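These are my notebook entries on a structure that I examined chain by chain. I set down what I looked up and what I found.

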There are 4 protein chains.
Amino acid sequence: MAGNSFGTIFKITTFGESHGEALGGIIDGCPPGIDLDLVAIQMEMQRRKPGQSSIVTQRKEEDEVQFLSGIFEGKTTGTPIGFIVPNTNQKSDDYSHIKDTYRPSHADYVYEKKYGIRDYRGGGRSSARETASRVVAGAIAKQVIPDIKITAFVSSVGEIFIDKPYQDLDFSNIEVNPVRCPDLAAAKKMEQYIKEIKKQGDTVGGTVTCVIQNMPIGLGEPVFDKLHAELGKAMLSINAVKGFEYGGGFCSAKMKGSDHNDSFNEDGTTKTNLSGGIQGGISNGMDIYFRVAFKPVATLLQKQEVLNNKGELIEQQGKGRHDPCVVPRAVPIVEAMAALVIADFYLLNKTYQTK
Amino acid sequence: MAGNSFGTIFKITTFGESHGEALGGIIDGCPPGIDLDLVAIQMEMQRRKPGQSSIVTQRKEEDEVQFLSGIFEGKTTGTPIGFIVPNTNQKSDDYSHIKDTYRPSHADYVYEKKYGIRDYRGGGRSSARETASRVVAGAIAKQVIPDIKITAFVSSVGEIFIDKPYQDLDFSNIEVNPVRCPDLAAAKKMEQYIKEIKKQGDTVGGTVTCVIQNMPIGLGEPVFDKLHAELGKAMLSINAVKGFEYGGGFCSAKMKGSDHNDSFNEDGTTKTNLSGGIQGGISNGMDIYFRVAFKPVATLLQKQEVLNNKGELIEQQGKGRHDPCVVPRAVPIVEAMAALVIADFYLLNKTYQTK
Amino acid sequence: MAGNSFGTIFKITTFGESHGEALGGIIDGCPPGIDLDLVAIQMEMQRRKPGQSSIVTQRKEEDEVQFLSGIFEGKTTGTPIGFIVPNTNQKSDDYSHIKDTYRPSHADYVYEKKYGIRDYRGGGRSSARETASRVVAGAIAKQVIPDIKITAFVSSVGEIFIDKPYQDLDFSNIEVNPVRCPDLAAAKKMEQYIKEIKKQGDTVGGTVTCVIQNMPIGLGEPVFDKLHAELGKAMLSINAVKGFEYGGGFCSAKMKGSDHNDSFNEDGTTKTNLSGGIQGGISNGMDIYFRVAFKPVATLLQKQEVLNNKGELIEQQGKGRHDPCVVPRAVPIVEAMAALVIADFYLLNKTYQTK
Amino acid sequence: MAGNSFGTIFKITTFGESHGEALGGIIDGCPPGIDLDLVAIQMEMQRRKPGQSSIVTQRKEEDEVQFLSGIFEGKTTGTPIGFIVPNTNQKSDDYSHIKDTYRPSHADYVYEKKYGIRDYRGGGRSSARETASRVVAGAIAKQVIPDIKITAFVSSVGEIFIDKPYQDLDFSNIEVNPVRCPDLAAAKKMEQYIKEIKKQGDTVGGTVTCVIQNMPIGLGEPVFDKLHAELGKAMLSINAVKGFEYGGGFCSAKMKGSDHNDSFNEDGTTKTNLSGGIQGGISNGMDIYFRVAFKPVATLLQKQEVLNNKGELIEQQGKGRHDPCVVPRAVPIVEAMAALVIADFYLLNKTYQTK
C-alpha cells in the first residue's frame, strides 16, 4: 500500500536500498509453464548496470539476479517468483558527507521530513539502483508476451534530437553505440556532448522514445486505467522523469481535428497514427509509441550549496561515481516498465471471457 | 478491477453511459464529520457542464447531482457516499447513424473489438460525460483538504499560448472569460480562434495548466506511487489527454544539472522550483504545477470517412452538439482529478503515525 | 478502501443506509455479452425481502432493483453495472427513540465511537438491509457461472437440527416452506419454534448450510486467498454471523488423520469428502459445502436496558418490525456471497493462460 | 493478485517453496521510527520451528531470518522491509517418491491440475513451511501495536478439551509445556495422547483459541471488511484450518436473543461478552476471542493408497519427518496472523482523521 507494488495481475513488489544487503522483489501472478530464458534476463541487467562505457558512471555493480522461488526445472510454476540482487560494491564511506545535509533536487530533504529518518547512504530507497528490480520483472514480463516487441531508444540528449520519425530508424543500431541512439550521426554528437558535460562535472537531461509493435487489439481498461494512463504512471515512476506524451502528444494540442484524426483502412488499421496505437484507452493494434523526458542528474561533481539539518547553507563538493546523463541506461528501464504494463493488461484481458 | 475505480483511501468508483438512465459513483473512504458544502459541489458541476457559453457545445445537460447515502444532517458519516447524475437530455436518435460505423479517432472500434458489444449511443461509456462523476468526487475531495488550493486554467489553444509564468497571472480572471484563461489578452485571441474553428465545423486542441498551492511536505509514496506518477495517471485518464509534464517537464530534458537544480533557502524552501514541488515522488512544500495536453475533439461537423462493420469505408456527415475545443470545460475536470490524488495521499500519509 | 468493496475481478462496491434515499452498488468486471435474466435477479430479491411469511418481519420493503448502466439491449456490455434499490417504506419516526441510546449487541455504540457521528435511523449502514445490494450482485454472479449450482438452506434453528447429511436431502423442498429447510419434518418443528419465540418478543439463532455443486477443478489462490478463506470472509461479512466451517469443520479437529484423509478414486475424485471440495485452498472438483452460524437478532420486542449518550442505563421497550429468526431470509444472502466468491475466482483463474 | 499478499496498509507479500533456496517476504507500509526488537522476532521463529520437543517433527529447520532492507541503525525507515529465511535443511531425495503421485488430502493433485506443473519437493508452495514468513511479519506487526496483547494457546487435541473459560486460565503456563496448553492437567493428557498417536504413525487434529486484550474501540471496516471477517480469512488461510468462530460462535446459533445480548455497563463496557469484542464488524474495546479448528495432518507414517499420474491407485508408505499434531506449532502462526489483521486496521483507522 505504501507504493512499492506495481500491476494488478502480473504484480511486482520491490524492496531495497542502494547500500543495504540486497535489492529484490516478488513477482506474483506470473502464469505457469513459461520456459524462462535466464540469459535474456541477465542480459537486460547488463544493459542497465553502471560501468558499461565511458559515458556512464564507472561505478561497478555486479547486478547478478538470484531467483529464490517460483521456478522449477527451468519453468515458472505459477507461484510467486522471489529474487534478490545483492549489493556487492557499495562504498558507504563515500556517502558519509551527506549524512546531515540535503542535496539540492535530491530526495534527501523530503524523505527526512516524511519519515523522520532516512538511510542516507547513496540515496537509500530513492536511489535509481532500485530500478534493477524493475528490470528483472520487466525481463520476465517480456517472456509472458513474446509476440509483442518493445523497443526503447534515446531520442534526445540536451538540445541534440533525432529528427526522423521512428519508422525511418534502424533499431538494430541501438545497442551498437554507447548512447543507445539508433540514428548514428545523432548518436555521435550526443556522445561527444556527454563527454564534454562530464568533463565540466556537470550533467544533462534527455528523452527516451519507446515503440511497442505487434500489439493485440483490446488491451487497456477504461475509464481510469486507460492503457496510456498506466504507461504514463509507469514511466513517471522512474527516477528523474518529468514528462510523458504518447502519439501526437503535446503537438496534438496545437492541431485541428481535421488534421489530427486517423482515417481508417478497410481492415481496421489506420492511415496515420497520431492516436499512438490507443483510442479511448484501449489498444487498436497499431504501434504504440511514447516519449519520456528525463531531467539532468542532480548530483554534480562541482561545488554546490547544500542545506544541513541545522538550517545552514554550506558549500559541498559533489563526489562519487555518477552518470553525466541518465538516458542511455534508462532505455532498458523504460522497456521494462512498458513490458510490465502490457503483460498485466494482456492477462487481465483474459477475464472478459466467460467460456 | 476493470478500471472504474480511482484512489486508495479516498476511492471513487464510477458507472454510467452517456445515454443510459444515469451516471454516478460511490466514494468510499471519505472521512466522517465533514460539513459538506453542497452548493460548492453543484458549482463545480456547472463549470463542467455543456452549454455555458457560445464557444462550448450547446447541448443542455442539467447535471444535477443527487446524493443517496453517506451524508446525515449535512455531514459526512464515514460510510460510502453514493450519488447519481440523471441523464435528462439525451437524444438517442441523434446517434443512430453511428450504430454500425466506427468514427475515426473515437473509441467505437476498440470497444466493439474488446467487448464484442457496445452501447453506441453518444459514445456510451467512452463519452466525456463520464467525467461528471469525477467532478462530483473531486468537489468533495477539495473539502477534505480545504487548506490546499488547486487552480487549473487554459494555457494554450492551438498555437495561441500564454507567454507568462503562472506567478505573473491573476487567477481571479479565470472564471470571468469563457475560455478560462487568466491572461485576458490571450483569452480574447483564443475565444476568437475557437469561434472560427467552430464555423469551419472543425475542432482544435489545447493545454491546461494546474497549480497546487499551500501543499504540506511529505505527500506521495515512493517508489511506484510517486506523487507526480499518480497525478500523471489521473490526468492521462481524462478523455482526449495526450501528454503530461510537471515542473520543468520536457524542457528539463534539454537542460544541464547546474542550471536545473533548485538551490535551498535556509528554511527548506527552494530559490527556484524546476522540481515542480515534488522531489523523489514526495511533495516538498513548494507549489506543484503541471501541464496537460488535450488533442482536438474527434467529432467534426464535417464530412469524414468512417468504417462500417462490413469493412467498408463510407462518407458520413458529423452531427450533434459537440465542443469545438474541449479545454475550457476540461479545467474543472483537471482540478477534480488533482483533488482526488492529493486528498488520497493526504489521508494515506496519516498511516505513518504509530501514535 | 474503507471496506465497501468485495472481489478482485468481479468486484462489487455498495452504498446505502436503511433509511436513506436508496441502497445500491456498482459491479465492475462483469464480462460482456451475458444475456441477463432480470426476472431471476428480481426473484432473488423476493427471497431476501421482508414480509414473505408469518415467521419473518412484516415490514414491507419493495426492494425493486433499477439498473442504470452496463446493460444494453438486454446484454452486459463489460462496463460497470450501476444499480439502485430505492428505500420506499421507511418510517423514520419508528427509530427516533434510539437517537441518543445504544442498544445492546447492536452496532450503535461502535459506530458512534468510530466515526463520531451516525445515522441512527434503523441502524443506518449497519442494517441488514444493506445485503439487498449483495443479492443483486450475487444474482448476476450466478449468471456468470451458470453451470455451477449453489444451494443454501437452513440446517438448524436454535437446538433443532437437520440430522441427515446433505446428500440425503431433497433440495426442491427448500423453497416450499417458510423456514427454507429441506427436511420437512425439521422444518415444521423449526417453524413452530420460531412462532413461539416471536410470541415471547424474543429471537433465536440458527445455521445455514451451503452446497456448491458441479465445481471446476483449480479455483482458489494460495496462499492467503485460499478458496475457503474467501468463502469464510464472505460469510463472516454478513450481519449476525459468528462462525464458519467447511468440509469436516470443527469435527475435523477431533479426528485422526487415518480417518480423515479422503482416498482417491482412479479418476481423481475422492471416496469421501471431508476436505469439503477444497485442498490447499484450491477446488478439487468435489462438492464444496460449508456451514454458517447466525446469532439471534439483537432487537427484542421486550424491555431491555440500554445505554444513553450521557452514560446512563435506562430501560427501553423494543419496537418496530423485526425478524424473530434471521436464517430463513439469510439463505439467499449466503448463496449470493458464495456466487460472488466463485465467479471472481472463476474469472481470475483465466489469467493463468498465456495463450 | 495471485493471492500471495495480505493486508491493506501494513501489507505482507510472501514467496518461497519448502525446498527452494529460501522463503521470504516484503512488508510494505510499516511505519517508520520503530525500534525493532530483533530478538523478539527470532523468538517467534523459534516457537514456530520444527524440532522443539518430542511431540513435534524432529526435522531441523534453522529458520533464521535475514533482513535485507527497510531497517537503518535498528529502526524501521518506512521503506519496504525485505527478508529471507534460507532453506538449509531440505533433503529433496526424501520426497522423490511423491514426484508422480498425489497423496490423499494434500494439495498435490490440485496444484498439478491448476498450474499444469508443480514443485513436488516437500509440498512446494503448499507446505506449511510458508508460514515462517507470516511469523516474521506478525512479529513486526506486534511491535507496531505494542499495547495490544495477543495470546493464542491450544484449547483441544482430538477429544481432549480445556473445560474452563479463558478468563480462568493462567497464560504464563502456555510456553512451559510442549503442547502450549495453559491448563496443565489437560496439557498432560494431550501430550500423552499425541505420543500415542505418533507411535501409531497417525496424526490428530485440534483447536487453537486466541484472545486479544487491551483493544482500542473502533477498529474494523464495515461492511465487507468487518474485523472478524478479516480475522476469519486470516485464520482460514493457515494450512489445515477447517473452521473459525468468534465470541459465542456456533453456540450463539442455538441461543435466544434475551440470553445472548451483552448488557452495557455505564462506561460502555459490557457485562457479558458473547459478542467477542466485536459489534457490527468494529471492535468495542472488550476482549476479542476466537477459536480455530485444525484438521489432522494428512501425511501419515503408514501405508496409504495414493493416485499416480497414470490414474492408478498404488500403496505408498508415508516417510519423512512430520508433525503428529499441528496445533502446538500453530499457536505462534495464529498470533502472527491476528497481529497482521489488528495492526493493519489500526493504521487504516488513522485515515478517518482530517486534521
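**Entry 1: a loop in chain D.** I began with D:Val223, which is found in the loop between β11 and α5 of chain D. Strands and helices here are DSSP runs numbered from the N terminus, a helix (H or I) having at least four residues and a strand (E) at least two. A cis peptide bond joins D:Pro222 and D:Val223, with omega at about 5 degrees. I then looked up the corresponding bond in chain C: C:Pro222 and C:Val223 are joined by a cis peptide bond with omega of about 10 degrees. C:Val223 has its place in the loop between β11 (206–213) and α5 (227–236) of chain C.

**Entry 2: conventions.** I noted that the model is predicted, that local features need pLDDT of at least 70, that side-chain atom pairs count only at pLDDT 80 or more, and that totals for chains, interfaces and linings use all residues. Residues are numbered from 1 along each chain as its sequence is written, while chains are lettered from A and ligands numbered from 1 in the order in which they are written.

**Entry 3: positive phi.** D:Asn214 lies in the loop between β11 and α5 of chain D. Its phi is positive, about 65 degrees, although D:Asn214 is not a glycine. Is D:Asn214 buried or exposed? I use these cut-offs: a residue is buried if 20 or more other C-beta atoms lie within 10 Å of its own, exposed if 12 or fewer, and partly exposed in between, with C-beta atoms placed from the backbone. D:Asn214 has 11 other C-beta atoms within 10 Å and is exposed.

I looked up A:Ser105 as well, which is not a glycine but has a positive phi of about 60 degrees. A:Ser105 is found in the loop between β8 (101–102) and α2 (108–115) of chain A. With 28 other C-beta atoms within 10 Å, A:Ser105 is buried.

**Entry 4: strand β11 of chain D.** Why is β11 (residues 206–213) of chain D described as largely enclosed by the rest of the structure? Seven of its eight residues are buried, so the strand is largely enclosed. I next looked for its partners, counting two strands as paired if DSSP finds at least two bridges between them. Strand β9 (residues 149–157) of chain D pairs with β11(D) in the antiparallel sense over eight bridges. β11(D) also pairs with β15 (residues 288–294) of chain D, antiparallel, over seven bridges.

**Entry 5: a sheet across two chains.** I followed the pairing onward. Strands of a sheet pair through backbone hydrogen bonds, either parallel or antiparallel. β12(D) and β15(D) pair in the antiparallel sense over five bridges, and D:Glu245 stands opposite D:Arg291 in β15(D). Three bridges join β12 (residues 241–246) of chain C to β12 (residues 241–246) of chain D, and these strands run antiparallel. In β12(D), D:Gly243 is the bridge partner of C:Glu245.

**Entry 6: how chains C and D meet.** I counted two residues as in contact if their C-beta atoms, placed from the backbone, lie within 7 Å. By this rule, 88 residues of chain D are in contact with 88 residues of chain C. Helix α5 (residues 227–236) of chain D gives the most to the side of chain D that touches chain C, with six residues. I sorted that side by class: 32 residues are nonpolar, 36 polar and 20 charged. (Ala, Val, Leu, Ile, Met, Phe, Trp, Tyr, Cys and Pro count as nonpolar, Asp, Glu, Lys and Arg as charged, and the others, Gly among them, as polar.)

A rotation of 180 degrees with 0.0 Å of shift along its axis superposes chain D on chain C, with an RMSD of 0.0 Å. The two copies are thus related as by a two-fold rotation axis. The superposition is by least squares on the C-alpha atoms of residues with pLDDT of at least 70 in both copies. Moreover, 100% of the interface residues of chain D are also interface residues in chain C, so the copies meet through the same surface.
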